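Please look through the sequence and the 3D model below before reading the notes.

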Amino acid sequence: MNAFPFTRRHFLAGTACGAAALWLPDYWQPGAFAAELTRTPAQMEGPFYPDKFPLDTDNDLIFINDKLTPAVGIITHLTGKILGANGEPLRNAVVEIWQCDNNGAYLHAGSDNGGKRDGNFQGFGRFLTGTSGEYYFRTIKPVAYPGRTPHIHFKIKQGEKELLTTQCYVKDDPGNDKDGIYRSVRDQKLKDAITVDFAPLKNSKIGELAANFDVVLGVTPESK
Ligand SMILES: [Fe+2]
């Protein structure tokens, strides 16, 4: 089976029925903003990268394969671009995300709350970027678990090469300032680079959110 069954074509088709506002035209000009780009800081991988991949690893974390029951949580359309240090979009980058479910359980045997795992949440997904460097995931708004403020883990690869491992955070979450890993980023500009607005999706009747997290490469990946 295709490793990326939920393709760009699927996504673009999806925009026709309501989410068009998410996918803005790309006015990016090579080098135009190079001096202003802040490289996304690396963040630790943490202990919960899946130790067993889900049966489905596409970019829709709300449904596993053809199951009819969606994951529990606030549906979030997570978009962004993978950019090189000079602002050039990165093609053929594999974007991986993983996060805990609405009960705080990861796809990992060592996870807290494993007994309460939401069997409908995919927990992990991948997206292969095209020429624009853009990615798209449908997932849930991350929730806190003991010791951590809400976050989504990201790993960017090209082939087997790991380019960056990081985490993104929910803007204005009251837990952020108490989170040691978030606070380890001292520079406000770098902190802003991993802090994302989870905003209501316009015209959504079911309270979906939209979040955009652009990743600028160029920082040496942190070791595990
Ligand atoms: Fe985590």
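This is a predicted model: local features need pLDDT of at least 70, side-chain atom pairs count only at pLDDT 80 or more; totals for chains, interfaces and linings use all residues.

Residues are numbered from 1 along each chain as its sequence is written, and side-chain values use heavy atoms, with hydrogens and water left out.

**The iron site**

- The iron ion has four protein donors, Tyr-106 (OH), Tyr-145 (OH), His-151 (NE2) and His-153 (NE2), at 1.9 to 2.4 Å.
- Donors are N, O and S atoms within 2.8 Å of the metal (3.2 Å for Na, K and Ca); water is not among the atoms, so sites may look incomplete.
- Along the sequence, the spacing of the donor residues is Y-x38-Y-x5-H-x1-H.
- The angles among the four donor atoms run from 92 to 166 degrees, and the site is irregular.
- Four donors count as tetrahedral if all angles lie between 85 and 135 degrees; four count as square planar and six as octahedral if opposite donors are over 155 degrees apart and all others between 65 and 115; anything else is irregular.
- Tyr-145 counts as buried because its relative accessibility is 11%, and His-153 is buried at 3%.
- Buried means under 20% relative accessible area, exposed means over 50%, and partly exposed is in between (1.4 Å probe, protein chains only).

**Lys-155**

- Lys-155 is part of strand β5, residues 151-158.
- Helices (H or I, at least four residues) and strands (E, at least two) are DSSP runs, numbered from the N terminus.
- Is Lys-155 buried or exposed? Lys-155 is buried, because its relative accessibility is 2%.
- The side chain of Lys-155 makes a polar contact of 2.6 Å with that of Glu-45 and another of 3.1 Å with that of Glu-162.
- A polar contact is a pair of N or O atoms within 3.5 Å; within protein, one must be able to donate a hydrogen and the other to accept it, and residues adjacent in sequence count only if both atoms are side-chain atoms.

**The open sheet**

- Five strands make an open sheet of mixed pairing, in the order β3-β2-β5-β6-β7.
- β3 (124-128) and β7 (195-196) are at the edges and each has a single partner strand, so one side of each has no neighbour in the sheet.
- β5 and β6 run antiparallel and are joined by eight bridges; two strands pair if DSSP finds at least two bridges between them.
- Phe-154 has Thr-166 in β6 as its bridge partner.

**Strand β1**

- β1 is largely enclosed by the rest of the structure, because nine of its nine residues are buried.
- In a regular strand the side chains alternate between the two faces of the sheet.
- Ile-75, His-77, Thr-79, Lys-81 and Leu-83 point one way from β1, while Thr-76, Leu-78, Gly-80 and Ile-82 point the other way.
- β1 pairs with β4 in the antiparallel sense over seven bridges, and Thr-76 has Thr-139 in β4 as its bridge partner.
- β1 also runs parallel to β9, with four bridges between them, and Leu-78 has Ala-211 in β9 as its bridge partner.

**The nonpolar cores**

- A nonpolar core is a set of buried Ala, Val, Leu, Ile, Met, Phe, Trp, Tyr and Cys residues joined through side-chain atoms within 4.5 Å.
- The largest nonpolar core has 36 residues, and those touching the most other members are Leu-78, Ile-82, Tyr-135, Phe-154, Ile-156 and Phe-213.
- β6 gives the most to this core, with five residues.
- A second, separate core has eight residues, among them Phe-48, Trp-98, Cys-100 and Phe-124.

**Cysteines**

- How many disulfides does a search of the whole structure find? The search finds zero; a disulfide is a pair of cysteine sulfur atoms within 2.5 Å.
- Cys-100 is buried at 2% relative accessible area, and Cys-168 is buried at 1% relative accessibility.

**Two loop residues**

- Most residues other than glycine have a negative phi.
- Asn-92 has a positive phi of about 60 degrees and is in the loop between β1 and β2.
- Asn-113 has a positive phi near 60 degrees and lies in the loop between β2 and β3.
- Asn-92 is partly exposed at 38% relative accessibility, and Asn-113 is partly exposed with a relative accessible area of 27%.
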